[in-house]
Amino acid sequence: MPVSVVIVDDEPMVIESIRWGVDFEALHAEVCAAFTDSREALEYIRENPVDIVITDIDMPPFSGLVLCSRILELGSGTQLIIISGYADFSYAQKCIAYGALGYCLKPIDYDDLTACVKKAVGNINNGNGMAVQEFIEALYEGNKQALRGYLDEGHINETFYIAVSVSKGPVFCCYAQNIGLNEYLYLSNEPIPALDKEWLAGNPDIFGVSRSAEMVSCKELQQKACQLVYNSYQFFFYEKEKEFTENTVYDSQVMQKARAFLACPEELECLLLDGAGMNHIRMAADLYNLALQYMDEESCLYSYNQIVYRFKNFKGLAAYIVKELRGENEPETEYESGNRKFLELIKFVNANYSQDISAQSLAEKLNLNPCYISQLFKKETGTTFVKYLTELRISRAKELMLKTDMSVNEIGEACGFHDYFYFIKIFKKFTGKAPTVFRQER
């Protein structure tokens, strides 16, 4: 069944030009209605949910941006494409904020509009998942041939500009791919413009962004994209900033000092609060893991997003680590019947493995000490809590791949992996294959 499309523009000639300029049939799409009045269009869409809406910005009785916002309120998952005579990039930013998949300037470049419609059709047919998963796997594996294929679909040249944002949705108006939880990669044949600082500062859904000043090739994409991810996460260290142009560097010497100071919390606190060389999100994650390992506790850090969500900023992380090393937590209490408590733990974990649980959150839920949970798991199972939870999730993921038609992305979510990039990494570590490859070979 073809994907349904509605075109909205106050100029009938523009509507007709879109009908003839885009080969909807070849894209397995069909224009089911067209309107010159935004209110009439909205009334139709409310009664007849459609897959794609192509709309102008300037038209009566209310603008295309208002139309998009009201369509989003319907929660129908409609893909939105905006066309406009306004070349000002601030309009493109507003369009993205209103949920637009693409932004095309008048006079319309029908190759660009066709590419937007093609991407929208792909999102709909794949539940916004399969193409994304395959792209992420190709990026993770450094599969240049597969990456080139995806870039060709997006009409991306042999060399191109890239950007990354840590945000709740796409930020830049160009070819975009979701590469992790709240992480987006952008590719463009043209330089990606800087964001308006005032607009950026006032947008709570954008945390950090970074752009490449130079063009990159497909061969360099994996390395450059990772660097921009690290750059974008600098907001964790510099709270008042959101756009970062300088490359952050992993300082191994600072990490060596931190490791040496684990036995001296006061000196470690001075090092961390001084902040010298500590502006790389992977350093923050490694520091957290090192501290827990030093205390014979477990690391349950699944992604950079998780450390940001839990600690908000680096000062919060530093304070937590120093407090833990000083032993300022409540003293561990004795529990009756370790087996009974363990059965309670296992029952809870087996029922809630799809949730974002850790030894710490489990301790809060069951009113136990995190150290006690770690010790109990090791005593009763011979393995750690983290390893048990991960093996449980991977085992369930393999089962769902073999017995259901759920998409790989849906399976990852259902098994507690809310960051697909991390899911690939862990799944391959346990099975030797990326998720889609495992499924294809079943």
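Contact here means heavy atoms within 4.5 Å, and helices are DSSP runs (H or I) of at least four residues, numbered from the N terminus. The model is predicted: local features need pLDDT of at least 70, side-chain atom pairs count only at pLDDT 80 or more, and totals for chains, interfaces and linings use all residues. Residues are numbered from 1 along each chain as its sequence is written, and side-chain values use heavy atoms, with hydrogens and water left out.

View A. Buried residues (under 20% relative accessible area, 1.4 Å probe, protein chains only) of α14 include Phe314, Leu317, Tyr320 and Leu325. The buried residues of α14 pack against α11 (265–274), α12, α13 (304–311) and α16 (359–366).

**View C. The largest nonpolar core.** Such a core is a set of buried Ala, Val, Leu, Ile, Met, Phe, Trp, Tyr and Cys residues joined through side-chain atoms within 4.5 Å. The largest has 54 residues, and Leu185, Leu187, Phe236, Met278, Phe314 and Leu317 have the most contacts inside it. Helix α12 (residues 281–294) gives the most to this core, with eight residues. Leaving aside residues up to four places away in sequence, Phe314 touches Phe236, Phe237, Leu272, Met278, Ala284 and Leu287.

Terms used
Buried < 20%, exposed > 50% of the residue type's maximum accessible area, 1.4 Å probe, protein only. Helix = DSSP H or I, 4+ residues; strand = E, 2+ residues; numbered from the N terminus.
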